[in-house]
Amino acid sequence: MKLKRVLPFAKELLKTAAKPGDIVIDATIGNGHDTVYLAEIVGPTGHVFGYDIQAEAITNTTQLLKENGVENQVTLFHKSHSQIGETIPSHYHGQIAGAMFNLGYLPGGNKEIVTKAESTITAIEQLLTILKREGVMVLVIYHGHDEGKKERDAILNYVKTLDQKKAHVLQYQFLNQKNDPPFIIAIEKR
Ligand code: SAM
């Protein structure tokens with residue numbers, strides 16, 4: 001298959017946006033796979049700030065970061081991504097090169113604990129302020145579960161209202177796959 005699948009495409013977008021030395025955000029660290037990926041992009045001279053509301057995610061990600069030798073270039077917050085604005089040091093505001101949202105529930109964890117539209121949209125709003133110009137946030141949206149459908153609809157309604165002079169908004173989605181496959185919304189600050 002030549003067309004990029006959803007997760008590889010999300011990762012490619014982040015690699016285009018962020019370079020060694022940059023500051024980036026993993027808004028939903030989960031088991032830490034995306035956090036490690038981002039830490040490897042920005043390298044020891046850059047930094048990743050990561051968020052999750054579950055202690056299990058912080059534990060799993062801390063371990064994976066150590067196994068990959070990248071723990072010194074990452075700060076984890078056991079907090080909601082709706083607190084991004086108040087937790088990212090103010091001298092980095094306007095400097096953030098990229099952000100990843102891998103929405104839904106923790107793989108292997110409690111499927112009742114899922115990302116919700118209200119906090120996701122609050123985080124997007126804050127990121128639109130603190131991203132640098134040409135900074136990119138990538139949202140992978142899982143809409144197979146009921147809460148995911150609500151989150152999908154709310155996010156799509158919200159991003160369609162963003163002023164095109166302020167942000168480019170992209171949707172990347174396979175339209176003929178069965179069972180509500182995940183899709184991407186990417187937002188580049190102008
Ligand atoms: N990126 C992860 C990885 O590579 O393993 C997968 C993330 S998982 C699909 C979604 C995560 O979002 C869960 O761990 C969940 O606890 C977390 N989450 C739910 N609501 C959140 C919120 N308001 N702020 C931050 N994380 C949240």
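Visitor: Where is the place of Glu-134?
Guide: Glu-134 sits in strand 5. One caution before we go on: this is a predicted model.

Visitor: Why is Glu-134 called exposed?
Guide: Exposed means over 50% relative accessible area. Glu-134 has 54%, so Glu-134 is exposed.

Visitor: What is the phi of Glu-134?
Guide: Near 70 degrees, a positive value in a residue other than glycine. Most residues other than glycine have a negative phi. Asp-180 also has a positive phi, near 45 degrees. Asp-180 lies in the loop between strand 6 (167-172) and strand 7.

Visitor: Why does Asp-180 count as partly exposed?
Guide: Buried stops under 20%, and exposed begins over 50%. Asp-180 has 33% relative accessibility, in between, so Asp-180 is partly exposed.

Visitor: What makes Glu-188 partly exposed?
Guide: The relative accessible area of Glu-188 is 27%. Glu-188 lies in strand 7.

Visitor: Which residues does Glu-188 touch, leaving out those up to four places away in sequence?
Guide: Glu-134, Gly-135, Val-136, Lys-166, Ala-167 and His-168. Contact means heavy atoms within 4.5 Å. Thr-28 is 160 residues from Glu-188 in sequence, and their C-alpha atoms are 19 Å apart.

Visitor: Why is Lys-166 called exposed?
Guide: Lys-166 has 58% relative accessibility. The cut-off is over 50%, so Lys-166 counts as exposed. Lys-166 is found in the loop between helix 6 and strand 6. Setting aside residues up to four places away in sequence, Lys-166 touches Glu-188, Lys-189 and Arg-190.

Visitor: How many Å apart in space are Lys-166 and Asn-176, C-alpha to C-alpha?
Guide: They are 32 Å apart in space, and 10 residues apart in sequence.

Visitor: What makes a group of residues a nonpolar core, and how many residues has the largest nonpolar core?
Guide: A core is a set of buried nonpolar residues joined through side-chain atoms within 4.5 Å. The largest nonpolar core has 31 residues. Ile-25, Leu-127, Met-137, Leu-139 and Ile-187 have the most contacts inside it. Helix 5 (117-130) is one of the elements that supply at least two residues of this core. Helix 5 gives the most, with 6 residues. A second, separate core has 28 residues, including Ile-41, Val-48, Met-100 and Ile-184. In soluble globular proteins, nonpolar side chains tend to be buried together.

Visitor: Which residues does Leu-139 touch, not counting those up to four places away in sequence?
Guide: Phe-101, Leu-103, Thr-120, Ile-124, Ile-155, Phe-183, Ile-184, Ile-185 and Ile-187.

Visitor: How many helices and strands does the protein chain have?
Guide: The chain has 6 helices and 7 strands. Along the sequence they follow the pattern α-β-α-β-α-β-α-β-α-β-α-β-β.

Visitor: Why is the protein chain called as compact as a globular protein of that length?
Guide: The radius of gyration is 15 Å. The globule rule gives 16 Å for 190 residues. The two values are close, so the chain is as compact as a globular protein of that length. Buried residues make up 51% of the 190 residues. Residues 24 or more positions apart account for 74% of the contacts with a separation of 6 or more.

Terms used. Residues are numbered from 1 along each chain as its sequence is written. This is a predicted model: local features need pLDDT of at least 70, side-chain atom pairs count only at pLDDT 80 or more; totals for chains, interfaces and linings use all residues. Side-chain values use heavy atoms; hydrogens and water are left out. Helices (H or I, at least four residues) and strands (E, at least two) are DSSP runs, numbered from the N terminus. The radius of gyration is taken over C-alpha atoms; the globule rule is 2.2 Å times the number of residues to the power 0.38. Buried means under 20% relative accessible area, exposed over 50%, partly exposed in between (1.4 Å probe, protein chains only).
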